Structure formats: C-alpha cells, structure tokens
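Open the structure in your viewer and keep the selection tool at hand. The stops below say what to select and what is there.

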Amino acid sequence: PKVLYDISLIIMVLRALGQIGFGLILILDYHRGVVLLLLRNNFVTVFINLGSRLLYSFAAASYFPNSANSVHLLSMIFHIINMVFLDCLKVTHMLRFNREGFENLYGPGALASKITNFSAVLILMFECARHFAIIKYVDSSLTNEFEVSSGDFRLTNVAIMNVSFTTSMLLSARVGV
C-alpha cells in the first residue's frame, strides 16, 4: 500500500539524516595529523575510494532522481568517509582515554569493535540490496537513463553506476572490515 511506502521513505530519510549528523560529529573528532598522514601515504587509495563513491552517487542520483535516494546517497558518502578515516578517530580516542578505556572500546574482544564491524557489514549488504533493487526493480518511468557517445565509445549512467559501485563496495569492504 501507498501508506507503507511513504512510511518506509520517511524512515529511510530520517535514518540517513541521523547518519549524516553522526558522521559530521565523528569528522569533527578526527586527529588532524593522522588525516594528513593518511592522505600523504595513501592518497591513491583514499582518492579512488572516495572518488568512486562520489561518481556512483552522482550517477545514481541522475538515474533515479528521488529526494529520499539523494539523501541516502549523501549519507553513504559520510559513511565511506568515516570508514576510510576510522584510524583518525582511533588515534583521538587513544590520546583521550586511558589504556583500559581504549581497549574496552577498540580492543579485539571489545563489544564496540564487534558492533562496528557488524554494522559496517550490515550497511554494505543493505547498500548492495538497494543498488540492485534500483537497477532491476524501479519502474522505468521514474528513472532517467542517459548516454554519452563519441564514435564507437558509448557510456550510460547505468554503466557508470555499476562500475563505480563495484569499485566503491570492494574498497569499502577492504577498508571497513
């Protein structure tokens, strides 16, 4: 029914806005020296990871221009940023907490560490399901497929979505888990 669809969109948008707010709070807590170190030593990996996510977000927003979809794509950009720069947050917490507090938060058997890994896997699984649902099951009257061609070269926003999504998810899974 239409009511359930509207409720699910409201829940999706509220979750995405909460994730954006939480992501911004975490970004403000990053250790700046570690951010610069990561950017200096792993610039290509960071650039490809964040760049592929941005490319996917633009292509997906152009393919399915729905406000709930756009908010979700923005929240996933913040999620990927926080996965890539998680070490910056760990260094801040290492300097802020005593050894026991830090081990309780990030140690190998710590509940927070397990929850972080589980939620990262869960978010990536839901993101894969959302991507394939939009590609396969969204009504074609709601989508905008466009193509850029030059001679024998032909590229559609769906092809850009698939390639950049695969790259982003593989790198996110490697970084986050």
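Is Phe132 buried, partly exposed or exposed? Select Phe132: its relative accessibility is 46%, so Phe132 counts as partly exposed. Keep in mind throughout that this is a predicted model.

**Phe132 and its partner**

Phe165 counts as buried, at 4% relative accessibility. The ring centres of Phe132 and Phe165 are 6.3 Å apart and the planes stand at 80°, so the pair is edge-to-face, the class for angles over 60 degrees. This pair links distant parts of the chain: Phe132 sits in helix 7 (residues 111-137) and Phe165 in helix 8 (residues 157-176), 33 residues apart.

**Helix 3**

Select residues 43-63, which make up helix 3. Helix 3 has 21 residues and spans 29 Å from first C-alpha to last, close to the 30 Å expected at 1.5 Å a residue. Colour its buried residues: Val46, Asn49, Ser52, Arg53, Tyr56, Ser57, Ala59, Ala60 and Tyr63. When reading such a list, recall that an α-helix has 3.6 residues a turn, so residues three or four places apart point the same way.

Stop at Ser52, in helix 3. With a relative accessibility of 8%, Ser52 counts as buried. Leaving aside residues up to four places away in sequence, Ser52 touches Phe47, Ser164, Thr167 and Ser168.

**Helix 3 against helix 7**

Show helix 3 and helix 7 together. Two packed helices are described by the angle between their axes and the distance between the axes. Here the axes of helix 3 and helix 7 come within 11 Å and cross at roughly 35°, and the crossing is left-handed. To see the contact, select Arg53, Tyr56 and Tyr63 on helix 3, and Glu127, Arg130, His131, Ile134 and Ile135 on helix 7. By class, this contact has four nonpolar, one polar and three charged residues.

**Helix 1**

Move to helix 1, residues 2-28. Its 27 residues reach 39 Å from first C-alpha to last, close to the 39 Å expected at 1.5 Å a residue. Which residues of helix 1 are buried? Select Ala16, Gln19, Ile20, Gly23 and Leu26. These buried residues pack against helix 4, helix 5 and helix 7.

**A second aromatic pair**

How many aromatic pairs does a search of the whole structure find? The search finds five. One of them joins Tyr30 and Phe85; this pair is tilted, with 6.0 Å centre to centre and 45° between the planes. Tyr30 lies in the loop between helix 1 and helix 2 (32-41), while Phe85 lies in the loop between helix 4 (67-84) and helix 5 (86-96), 55 residues apart. Tyr30 is buried, with a relative accessible area of 12%, and Phe85 is buried as well, at 8%.

**Last stop: Met94**

Select Met94, in helix 5. Met94 is partly exposed, with a relative accessible area of 47%. Finally, draw a distance between the C-alpha atoms of Met94 and Tyr106: the separation is 9.3 Å, for two residues that are 12 apart along the chain.

Methods. Residues are numbered from 1 along each chain as its sequence is written. This is a predicted model: local features need pLDDT of at least 70, side-chain atom pairs count only at pLDDT 80 or more; totals for chains, interfaces and linings use all residues. Side-chain values use heavy atoms; hydrogens and water are left out. Rings of Phe, Tyr and Trp (its six-membered ring) pair if their centres lie within 6.5 Å; planes under 30 degrees apart count as stacked, over 60 as edge-to-face and the rest as tilted. Helices (H or I, at least four residues) and strands (E, at least two) are DSSP runs, numbered from the N terminus. Buried means under 20% relative accessible area, exposed over 50%, partly exposed in between (1.4 Å probe, protein chains only). The expected span of a helix is 1.5 Å times one less than its number of residues. Contact means heavy atoms within 4.5 Å. Axes are lines fitted to C-alpha atoms, for helices over the stretch in contact, and angles run from 0 to 180 degrees between N-to-C directions. A crossing is left-handed if the near helix is turned anticlockwise from the far one by less than a right angle, and right-handed if clockwise. Ala, Val, Leu, Ile, Met, Phe, Trp, Tyr, Cys and Pro count as nonpolar, Asp, Glu, Lys and Arg as charged, and the others, Gly among them, as polar.
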